[in-house]
Amino acid sequence: MNGQNRKDIRSGLEVEIVLKKDQRSGKRTRGVVKDILTNSSFHPHGIKVRLQDGQVGRVQEIITSNKES
């Protein structure tokens, strides 16, 4: 699932984000969402979030586990 819709993202979800410094390379960082920083309901480049370790980036993918199915 991509991270363009705010309604799909909530605190505690495991996601892959692209940090500002990694936008050119597209390198992804995996972590758990702490805060949602984007106010709009949709963003074409991904909803901006803060991970529990403090890193900020745009969600590229929501990691789904078998527990949620």
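Leaving aside neighbours within four places in sequence, isoleucine 9 is in contact with Gly3, Val33, Ile36, Ile47, Val49, Val59 and Ile62, where contact means heavy atoms within 4.5 Å. The model is predicted, so local features need pLDDT of at least 70 and side-chain atom pairs count only at pLDDT 80 or more, while totals for chains, interfaces and linings use all residues. Residues are numbered from 1 along each chain as its sequence is written, and side-chain values use heavy atoms, with hydrogens and water left out. Four strands close into a barrel in the order S1-S2-S3-S4, with antiparallel pairing.

**Barrel and strand pairing**

- Strands (E, at least two residues) and helices (H or I, at least four) are DSSP runs, numbered from the N terminus.
- Two strands count as paired if DSSP finds at least two bridges between them.
- S1 pairs with strand S2 (residues 28-36) in the antiparallel sense over five bridges, and isoleucine 17 stands opposite threonine 29 in S2.
- S1 also runs antiparallel to S4, the two being joined by five bridges; here glutamate 16 stands opposite glutamate 61 in S4.
- Three bridges connect S2 and S3 in the antiparallel sense, and valine 49 in S3 is the bridge partner of isoleucine 36.
- Strands of a sheet pair through backbone hydrogen bonds, either parallel or antiparallel.

**Nonpolar core and burial**

- A nonpolar core is a set of buried Ala, Val, Leu, Ile, Met, Phe, Trp, Tyr and Cys residues joined through side-chain atoms within 4.5 Å.
- Buried means under 20% relative accessible area, exposed over 50%, and partly exposed in between (1.4 Å probe, protein chains only).
- The largest nonpolar core has 11 residues: Ile9, Leu13, Val15, Ile17, Leu19, Val33, Ile47, Val49, Leu51, Val59 and Ile62.
- Strands S1 (14-19), S3 (48-51) and S4 (56-62) are the elements that give two or more residues to this core, and S1 gives the most, with three residues.
- Five of the six residues of S1 are buried, so S1 is largely enclosed by the rest of the structure.
- Threonine 29, placed in strand S2, is buried, with a relative accessible area of 11%.
- Not counting residues up to four places away in sequence, threonine 29 touches Val15, Glu16, Ile17, Leu19, Asp22, Leu51 and Gln55.

**Serine 11**

- Serine 11 is found in the segment before S1 and counts as exposed at 53% relative accessibility.
- Apart from residues up to four places away in sequence, serine 11 touches Val33 and Lys34.
- The side chain of serine 11 reaches the backbone oxygen of lysine 34 at 3.3 Å.
- Serine 11 and isoleucine 47 are 36 residues apart along the chain, and their C-alpha atoms are separated by 13 Å.

**Salt bridges**

- The structure holds six salt bridges, each defined as a side-chain nitrogen of Lys or Arg within 4 Å of a carboxyl oxygen of Asp or Glu.
- Glutamate 14 and arginine 30 meet through their side chains in a salt bridge (3.6 Å, N to O).
- Because glutamate 14 lies in strand S1 and arginine 30 in strand S2, this pair ties together parts that are 16 residues apart in sequence.
- Glutamate 14 is partly exposed at 32% relative accessibility, and arginine 30 is partly exposed with a relative accessible area of 47%.
- Arginine 28 forms a salt bridge with glutamate 61, the closest N and O atoms being 3.0 Å apart.
- That pair links distant parts of the chain, with arginine 28 in strand S2 and glutamate 61 in strand S4, 33 residues apart.
- Arginine 28 counts as partly exposed at 40% relative accessibility, and glutamate 61 is partly exposed with a relative accessible area of 31%.
- Arginine 50 forms a salt bridge with aspartate 35, with the closest N and O atoms 2.9 Å apart.
- Arginine 50 lies in strand S3 and aspartate 35 in strand S2, so the pair ties together parts that are 15 residues apart in sequence.
- Arginine 50 is partly exposed at 29% relative accessibility, and aspartate 35 is partly exposed with a relative accessible area of 28%.
- Salt bridges that share partners join Glu14, Glu16, Arg28, Arg30 and Glu61 into one network.

Technical notes: A polar contact is a pair of N or O atoms within 3.5 Å; within protein, one must be able to donate a hydrogen and the other to accept it, and residues adjacent in sequence count only if both atoms are side-chain atoms.
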